[in-house]
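Good morning, colleagues. Please take a moment with the sequence and the structure on the screen before I go through a few of its features.

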Amino acid sequence: MPTPRRRPLPLALATAVLLVPLAAACSSDGGGSSAEGGRVRVVMAFPPAQAMSPYGDDAVTLSRLAVVEGLTTLGANGDAEPSLAASWKQDDDRTWTFTLRDARFQDGTEVDAIAVARSLTAAAKASPLPRVLSDTRLTATAQADGTVRIVTGDPDPLLPQRLANPSLSVLSAAAYRDGRADPVGHATGPFTLSKVDGAVSATLERNDRYWGEKAAAPGVDVTFAADGTARANALRTDAVDVAEYVPVSQASLLGDDLVHSFPSARTNGMSLNTAHGVFADPAMRAAARAAVDSKALVGGVYEGRADTAQGLLGPGVPWAADRRTAPTGRTAAAPPAEVAKTGQITLATYTNRPELPEVATLVQQQLEKRGFTVKQVVRDYAQLEADALAGKYDAFIQARNTLLDTADPVSYLASDFTCDGSFAISQLCDRKVDAAVDEAASLTDTDARHAAVMKAEAAILGTDALVPLVHERFVQGYDGDRVDGVALDPMERTLITADTRVR
């Protein structure tokens, strides 16, 4: 049955209604203002969807709130660095040994090899399987000397990076007593998740057992608000100290004192259907690419808070720029007179990211100026994904995280642009591209792998299967003169840290 339409509230009243639950949640359970005990008040964009299970998207929320940790963490270039594992070594192409540091769980029990093996085994058996394990198998066992041995089904040079994924966080034995992984009080991070109130709020306390530097703040009071305007208004009215993911449309209203934008690993691009329809012709794909003006998108839609498209990998992948090479094998663009003969094309995008419908409208105008006739389809992402993957659209605009689950772009290139790719919206199947991606995947040396990734990028861009539009910047909200230690992380894994405090 269709949902009855309701008359929209006036803007001022709508904003007030949205702020009421935020203000109430921030003042409950000892939260109060940041001046009372120095607690940090945060509004997050994505309410818990799986009761804070580490095996789904809630794992990222737990990571961004500094609650959970894995054996490793990621450095600025995506390299694996020690976390609960002090060191590791590769015994053969499928076997690794991890030596643990001296640490305790938030419930006081020891982080030992048995606990680590238990957590990794539980993740490997979870249903649905965590996305980070969708392309690999691992077996973890505790060794007599206190180390953890991990064996992968196939050679996996990225295992240390993979283990930094929040879905592979290590929890104590008590977390698994009721048949699910419960992080409340059972993780290892600098903040302990002590209470979750459904999709409304959560309460964190400082973990005084933390193995590293103790948290500067005594706790964090979290509210969840999917509406970006509500998050921005909560920051503007001092209902919160930190607002996650401020929409571009609200950034200029908040002003530079409260807005902090920085490069992300997301590239907004237009996937062109290389298998069917108008864009099966590479000359037409080249014409679509030639029609797009990235600078106009950055200025017109993102108000300057994005970066012009340079390739598949943008400024959020800092090593990419110095290694980028020109696209290889491009076909010349069809002239406008030929384009005008092609008939109507369908351009689709989704509403979940508020800038994308505006991007689609401007791209439609640019394509039409080149001679294309364009029909738009704009819906919720869940209503579009199956059709996009089935190749039912000529063009599909999306915001894609190019570092995905292992902080390495090879998995993104393989899933989106190879013949057997699991997320191949462009329907591309090109032997040269497959060979280039396979070459990158086979290398373990970081510099050699990065060089091979950029060679694969050049091969993919040469097909015009995807037209890069802009590189997104994340926009986080907080008063830099009052709040310290907020992480601006292009990989989206950290936000609140042990250093976060309100002065």
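Predicted model: local features only at pLDDT ≥ 70, side-chain atom pairs only at ≥ 80, totals over all residues.

Ala144 sits in the loop that runs between β6 and β7. Is Ala144 buried or exposed? Its relative accessibility is 91%, and because the threshold for exposed is over 50%, Ala144 counts as exposed. For a sense of distance, take Ala173, which lies 29 residues from Ala144 along the chain: their C-alpha atoms are separated by 19 Å.

A word on confidence. The mean pLDDT of the protein is 91, with 93% of the residues at 70 or more. Residues 1-20, however, have a pLDDT below 50, and this stretch makes 9 contacts in the model beyond near neighbours in sequence. The pLDDT is also below 50 over residues 27-37, a stretch with 17 such contacts.

In general, an α-helix has 3.6 residues a turn, so residues three or four places apart point the same way.

Let me turn to the open spaces. The second largest pocket has a volume of about 770 Å³. Its lining comprises 33 residues, and those nearest its centre are Ser63, Glu69, Thr73, Leu74 and Thr494. Two elements, β2 (72-74) and β3 (80-82), each give two or more residues to this lining. Of the elements, β2 gives the most, with 3 residues. By class, the lining of this pocket has 17 nonpolar, 10 polar and 6 charged residues.

How many cavities of 30 Å³ or more does a search of the whole structure find? The search finds 4. The largest cavity has a volume of about 60 Å³. Among the residues that line the largest cavity are Ala76, Asn77 and Gly78, as well as Gly316, Val317, Pro318 and Trp319. Leu403, Ala407, Pro490 and Met491 also belong to this lining. In the lining of the largest cavity, 8 residues are nonpolar, 3 are polar and none is charged.

Thank you for your attention.

Notes:
Residues numbered from 1 in each chain as written. Heavy atoms only, no water. pLDDT = per-residue confidence, 0-100. Contact = heavy atoms within 4.5 Å. 1 Å grid on protein atoms, 1.4 Å probe; cavity = no way out; pocket = protein on both sides within 12 Å on 5 of 7 lines; lining within 4 Å. Points joined across faces, edges and corners; volume = space filled by probe spheres on them. Helix = DSSP H or I, 4+ residues; strand = E, 2+ residues; numbered from the N terminus. Nonpolar A, V, L, I, M, F, W, Y, C, P; charged D, E, K, R; others polar. Buried < 20%, exposed > 50% of the residue type's maximum accessible area, 1.4 Å probe, protein only.
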